[in-house]
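This report describes a structural model, beginning with the surroundings of its ligand and then turning to a helix and the nonpolar cores.

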Amino acid sequence: MTMAENVLILGTGCAGLTAAIYAARAGLTPLVLEGGQPGGQLTTTSEVENFPGFVHGVDGNELITNMKGQAERFGAKFAWDRIDSVDFSGPIKKLKGGEATYEAKAVIIATGASPRHLGIPGEMHYYGGNGVTTCATCDGAFYRNVPVAVVGGGDSACEEALFLTRFASKVYLVHRRDSFRASDIMVQRVKNHEKIELVLNVSPTEILGDEKVHTLRVIEKSGAVRDLAVKCVFVAIGHVPNSQAFHAGPRGRRRWLFRRRCQHRQHQYPWRFCRR
Ligand code: NDP
């Protein structure tokens with residue numbers, strides 16, 4: 001029978017690797033599982049300017065490779081797998097992956113997040129190389145001297161729009177409201193940039209093209225439809241946590257708490273019943 005791991009760490013982004021370094025230095029010999037995107041989101045970016053300790057910035061891949069090497073140096077073990085379901089009910093946690101089943105005394109979940117999608121027609125058809133993307137730093141350079149659109153009103157959308165002005169002839173920043181979630185300084189930079197046109201109070205309804213994207217269709221509050229001629233749509237509307245495999249855990253805990261409360265109430269009011 002296999003021994004349970006002391007610590008199982010899920011995810012090899014900054015959070016997972018930092019946990020791996022600390023757990024390994026504590027002598028716990030953690031097993032670290034790399035998921036669908038080994039190295040996490042930092043591997044999709046080029047230069048990281050705001051990570052402390054690097055005066056002139058650092059390449060995202062290099063930073064992650066160094067963190068992994070640092071964890072390995074102290075004894076962290078690495079394997080690739082994707083966890084589908086978990087059973088956290090007992091003292092030994094059980095996790096079922098595509099490659100194997102794991103047991104661990106403690107689990108650190110650092111599975112990060114994935115870009116949120118608009119869910120409109122055309123989006124997934126053109127996603128990944130044909131004119132829809134969620135990463136300006138990865139794909140911006142492919143759209144030189146052509147118009148592009150960024151969707152979103154947060155800091156990511158503003159940052160992507162500003163980054164894309166290096167390449168694109170024009171950048172439409174498409175947002176569903178007329179005020180921004182982004183910080184003031186980013187909004188001012190966007191508003192002041194001659195290559196950026198704000199398209200506000202609209203909702204994207206469809207992405208059209210032939211082999212590649214040629215139009216982002218939006219609908220205004222009045223109901224009027226507007227077509228923006230663009231070669232690429234950069235979707236920057238936030239992220240969703242990669243927590244699907246763990247839904248049973250919190251729900252299980254909520255149910256457990258509810259049962260406890262019910263037992264308590266029934267003790268006080270024996271004629272009342274709790275509904276599950
Ligand atoms: P946010 O959640 O801050 O913003 C998401 C934006 O997308 C919102 O404007 C939202 O609109 C819009 N949106 C969400 N869903 C839809 C939809 N279905 N259709 C159209 N629009 C939609 O996410 P970010 O990724 O921008 O930022 C996440 C965090 O990271 C923030 O805390 C941000 O400050 C930070 N960050 C900081 C940066 C920096 O300091 N340089 C750079 C990038 C991010 P609405 O406003 O109407 O809800």
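## Ligand shell

A residue is taken to be near a molecule when its C-beta atom, placed from the backbone, lies within 6 Å of that molecule. The model is predicted, so that local features require pLDDT of at least 70 and side-chain atom pairs count only at pLDDT 80 or more, while totals for chains, interfaces and linings use all residues. Residues are numbered from 1 along each chain as its sequence is written.

The ligand is surrounded by 14 residues, the closest being G153, G154, D155, S156 and I237. Helix α5 (residues 155-164) supplies the largest share of this shell, 4 residues; helices here are DSSP runs of H or I with at least four residues, and strands are runs of E with at least two, numbered from the N terminus.

## Helix α1

Helix α1 (residues 14-25) has 12 residues and reaches 16 Å from its first C-alpha to its last, close to the 16 Å expected at 1.5 Å a residue, where the expected span is 1.5 Å times one less than the number of residues. Just after α1, G27 takes a positive phi of about 80°.

## Nonpolar cores

A nonpolar core is a set of buried Ala, Val, Leu, Ile, Met, Phe, Trp, Tyr and Cys residues joined through C-beta atoms within 7 Å, and a residue is buried if 20 or more other C-beta atoms, placed from the backbone, lie within 10 Å of its own. Of the 33 residues in the largest core, A149, V150, V233 and F234 touch the most other members. Elements giving two or more residues to this core include β11 (147-151), α5 and β17 (232-235). A second, separate core of 28 residues includes I9, C14, A24 and I64.

Methods
Buried ≥ 20, exposed ≤ 12 C-beta atoms within 10 Å, placed from the backbone.
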